[in-house]
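Please keep the displayed model in view while reading.

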Amino acid sequence: MLIAQITDLHIRPRGENANFLVNTNAMLKDCVEAIQQLNRHPDVVLATGDLTDAGLVSEYEMLRELLEPLEMPVYLIPGNHDSRTNMRKCFPDHSYLPSGDGFLHYVIDDYPVTLIGLDTVVQGHGYGDMCPDRLAWLDQQLARHSDKPVVIFMHHPPFPTGITGMDRINCNNGPAMADIVRRYPNVERVLVGHHHRPIQIRWAGTIGSVAPSSAHQVQLDLTETDEHSKFIMEPPAFHLHLYEDGVGIISHQAYIGTFDGPHPFGGNPDYPPKT
């Protein structure tokens with residue numbers, strides 16, 4: 001099974017840039033094209049939050065249009081820039097999204113790997129939370145799906161990353177979530193976004209993995225600082241998570257763009273020179 005993870009899309013209404021500078025709509029278009037051009041198509045795409053920049057209906061309509069070319073199922077979870085209400089309104093055909101006004105948690109159990117999506121949003125705040133109700137729901141689902149590999153995907157990291165400007169708005173109650181996850185050795189990965197950088201950590205007996213943004217990245221700053229993080233126009237990318245029986249999940253980073261190559265290695269027969 002091959003899983004593509006895209007995150008922090010920050011889609012704006014047609015013709016508008018994010019942060020006055022970033023054409024996030026064009027960058028998602030390029031990301032979708034890059035996924036479609038892979039020599040092995042993913043079985044699913046997980047979009048791990050901050051799908052839009054302000055949760056507006058016009059942004060979700062733009063998002064639908066940009067995701068339309070993807071030939072595989074796309075599973076959405078909200079981030080702190082999203083609106084649960086407008087997500088439900090604009091994606092009524094995404095039947096996996098729970099109805100009503102509660103959390104957008106769900107389980108997809110149609111593949112060799114069970115996918116558990118978590119809604120960590122605290123509306124109106126940049127940080128996330130795994131409150132007691134959310135923790136209880138996760139524990140229930142992990143108990144029900146303990147017979148096959150599981151990937152948990154969510155927006156806010158429940159673990160530290162060393163980027164203090166972003167860690168201040170991580171997911172609250174990470175240690176309590178870790179206590180639950182640690183009890184289930186079949187959890188292969190905890191996939192998150194939010195930090196706009198590729199980051200890996202050994203956590204709760206599994207691997208926590210942050211994917212880079214399909215648009216702008218967060219500046220890499222591992223100093224202790226009270227300042228807010230800033231963004232930088234490093235290359236956009238997405239993650240590919242390949243599951244193989246007997247091996248588990250192998251994760252790769254795929255850059256978005258046009259690059260020179262591929263070229264064969266060792267193409268110069270005169271090097272090294274003969275003496």
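Predicted model: local features only at pLDDT ≥ 70, side-chain atom pairs only at ≥ 80, totals over all residues.

Q: How many residues apart are Lys 29 and Glu 33 in helix α1?
A: They are four residues apart, and therefore about one helical turn separates them.

Q: Why is Lys 29 called partly exposed?
A: The term covers relative accessible areas between the limits of 20% for buried and 50% for exposed. Lys 29 has 44% and is therefore partly exposed. Glu 33, with 34%, is also described as partly exposed.

Q: What makes Arg 183 and Asp 139 a salt bridge?
A: Their side chains meet at 2.8 Å, N to O, and the limit is 4 Å, so the name applies. This pair links distant parts of the chain: Arg 183 is in the loop between α6 and β9, whereas Asp 139 is in helix α4, 44 residues apart. Arg 183 is partly exposed at 48% relative accessible area, and Asp 139 is partly exposed at 21%.

Q: How do you know that Asp 53 and Arg 12 form a salt bridge?
A: The distance between their side chains is 3.4 Å, N to O; the cut-off is 4 Å, so the pair qualifies. Asp 53 lies in the loop between β2 and α2, and Arg 12 in the loop between β1 and α1, so the pair ties together parts that are 41 residues apart in sequence. Both residues, Asp 53 and Arg 12, are buried, a word that here means under 20% relative accessible area.

Q: Which residues are linked with Arg 12 in a network of salt bridges?
A: The network links Arg 12 with Glu 16, Asp 53 and Glu 59. By the same rule, the count of salt bridges comes to twelve.

Q: Why are β4 and β10 said to stand at the edges of the sheet?
A: The six strands form an open sheet in the order β4-β5-β7-β9-β11-β10, with mixed pairing. Each of β4 and β10 has a single partner strand, so one side of each is left without a neighbour in the sheet.

Q: What makes β5 and β7 paired strands?
A: Pairing requires at least two bridges. Strands β5 (residues 114-117) and β7 (residues 150-153) have four, in the parallel sense, so they count as a pair. Among the bridge partners are Leu 115 and Val 151, the latter in β7.

Notes:
Residues numbered from 1 in each chain as written. Heavy atoms only, no water. Helix = DSSP H or I, 4+ residues; strand = E, 2+ residues; numbered from the N terminus. Buried < 20%, exposed > 50% of the residue type's maximum accessible area, 1.4 Å probe, protein only.
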